Amino acid sequence: MRPNALNPKKDKPIKPKTVAKKRNLKPQSKAAKKSSKRPSLLLNLLASCVVIFFVGFGIKYAIDHTINYNPLLGKWRAQTVLGIMEIEFDRTSMSSFGTKNPVTYDVSENKVIVIDDTIKVGNTYKIIDENTISSEAGGFKTVYKRVK
């Protein structure tokens, strides 16, 4: 044997030292395993809810703007000789002069007939463009502008 490979004290060969990496050989508890899975499960659930939410509103928007399209929906303002007049239309009612009445709509290409359900009387609104409508009552024409 070579002299540098022998231990001078015991005449035994010296074994080269190896550095062993310490590994955690303890098995993880079930609670630790579950907690590491929970964030991804909750994150997936949250992401799914967000996607469903936006898809639902997308479908509602598409239906409202194709099948149930009503160009009057919203708030309108007119300058009249009596002052400023505001009306507001939503899906089932119309608000004007501080009162809210249930209405139904008959929508055609360039006009909308708004029928007050309580007195069964209708008023026709002509669509000039998407931000302008007009109405005639008692020989007076009133032009409304959309309030943004």
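Two strands pair if DSSP finds at least two bridges between them, and strands themselves are DSSP runs (E, at least two residues), numbered from the N terminus. The model is predicted, so local features need pLDDT of at least 70 and side-chain atom pairs count only at pLDDT 80 or more, while totals for chains, interfaces and linings use all residues. Residues are numbered from 1 along each chain as its sequence is written, and side-chain values use heavy atoms, with hydrogens and water left out.

Let's begin with strand S5, residues 111-116. Its covered face holds Val112, Val114 and Asp116, and its uncovered face Lys111, Ile113 and Ile115. S5 pairs with strand S4 (residues 99-107) and with strand S6 (residues 121-129), as the table shows.

| Pair | Sense | Bridges |
|---|---|---|
| S4 and S5 | antiparallel | five |
| S5 and S6 | antiparallel | six |

Val112 is the bridge partner of Val107, and Tyr125 in S6 is the bridge partner of Val112. Three residues lie between S4 and S5 in their hairpin. The hairpin of S5 and S6 has four residues between the strands, and Lys120 in that turn has a positive phi of about 55°.

Terms used:
Buried means under 20% relative accessible area, exposed over 50%, partly exposed in between (1.4 Å probe, protein chains only).
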